[in-house]
Amino acid sequence: MKTKWKVVIGVGLIAALGGGVAATVRYRQRGQVTVQTTTAVKGTLVSQVTASGEIKPKTYTNLAANAQGRIVELMVAEGQYVKKGQVVAKIENVQATADLEAQRASLASAEADAASTEAGLKVQQDNMEIQQATIARTRTQMELSRVNFQRVADLWEAQVIAKQEYDQKRAEWEQQQAAVREAELRLKQMTSQLDQTRAQITSSQRRVAQVRAQMNRVADVLAKYDVISPLDGIVTNLPVRIGETVVPGVQNSAASAVMTIADMSLITAEVKVDETDIVNLKLGQATEVTIDAVPDQKFPGHVIEIGNTAILRSTGAVASNNSSSNEAKDFKVIVALDNPPATVRPGLSCTAKITVATRDNVVKVPIQALTVRQKGDLEDAAKEAAKGGKPVEKDNRGPIDLAQQEERRKELVGVFVITNGVADFREVETGITGATDIEITKGLEPGQEIMVGPYQTIRSLRPASKVTIDNRTGVELEQKG
């Protein structure tokens, strides 16, 4: 036989042998699915909640105008430090100042009238003391006149003296009695005048109190023309200029806003947390904050406030009883930065990663390895595997009990464990969730090989299916191709 034919026959035999091997491999792999796998491992798992928001000082105030007028003086500039009680701006106050001066004059007049009335009261009290002394003197004189008259009367009865002397002593006694009555009536009159003066003093004092109250009111109105800082802080916003007119009105109104003062001693990140994550948050939880304006830096912090009222995500308004229950909601959470940079400014965008749980030495698997199957489907798959892959016959014994149907529809969470090329569904119990992994608290041991992809295969794969493992990356497949 010629060499050429020997070569042709050899190549044919090799091709036939290769085809047979390929056919045998394809036959053995019939019904198999190619999957990617990994191994369940033990390690540390950190569960975090991520939320975005903006940098804000914990304490700040938007100063608004309390009176209408032109700005005549600004004592501060934006970025300047101010103290509590410091006057930071003045509004034109000519009329209010004049009103205060008029009230001060009225108060001085009322106080002078009250002082004059009190002085008159002192004079009347002195006069009453004099009158009381006069009454005492006239009563003494009246008693003396009575004694003299009685003596003369005795002599007149004895016919010792003339009747003229008797009549004279009697007239003197009656005159002294009239003088006593006159003095007593004058004392009563002075007492009435004293009571009247005391009533006038009370009225004067009330008048003084009334004028002083009016003056305090006018002084308070005048004080509102001075814009005063209610706290120690830095002027972070100064939208007005000297000569501009401001009016009292709604907070944050363009015509009423004067400036914003913030206490920069405590800088916070105010973020909005989704309603599904808010239940996991607690005060004091450690937080990692990143600021868009300060790239490649992370700032530690901790949660200091958790909102109790839901905020509608679409409008930012507080959710009410009339809000749609299907609309997404957030909750406000405030995180205090432990060591904020000196360059930080209110209003900067930021992202906070709040650590809600940390577990050490736990079994963890990639999140995409989890899948859900109904209990009835698992039971049917187990029966098929026991029969060598033959479909399970339908139950023709009558209707299935409703409780049994409900039990078959029960959804079980689990992973596919690969054993000898077969993917078995393993029900598991989960714990906390990390960025890419999830904790397995029951149903899986470390070191077991589990299926992690492809995603569509995990969703549709039947339990006890034969699989082929191919853990090459996309780059490796491209290089091979």
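Colleague: Which residues does Asp330 touch, not counting residues up to four places away in sequence?

Modeller: Contact means heavy atoms within 4.5 Å. By that criterion, Asp330 touches Lys272, Val273, Asp274, Thr309, Ala310, Ile311 and Arg313. Please note that this is a predicted model, in which local features need pLDDT of at least 70 and side-chain atom pairs count only at pLDDT 80 or more, while totals for chains, interfaces and linings use all residues. Residues are numbered from 1 along each chain as its sequence is written, and side-chain values use heavy atoms, with hydrogens and water left out.

Colleague: In which strand is the place of Asp330?

Modeller: Helices (H or I, at least four residues) and strands (E, at least two) are DSSP runs, numbered from the N terminus. Asp330 lies in strand β12, which covers residues 329-337. The protein chain has seven helices and 20 strands.

Colleague: Why does Asp330 count as buried?

Modeller: Buried means under 20% relative accessible area, exposed over 50%, and partly exposed in between (1.4 Å probe, protein chains only). Asp330 counts as buried because its relative accessibility is 8%. Of the 481 residues of the protein chain, 30% count as buried.

Colleague: Where is the place of Arg462, and what is it in contact with beyond its neighbours within four places in sequence?

Modeller: Arg462 sits in the loop between α6 (455-460) and β20 (465-469). Its relative accessibility is 41%, so Arg462 counts as partly exposed. Beyond those neighbours, Arg462 is in contact with Ala381, Glu384, Phe416 and Ala423.
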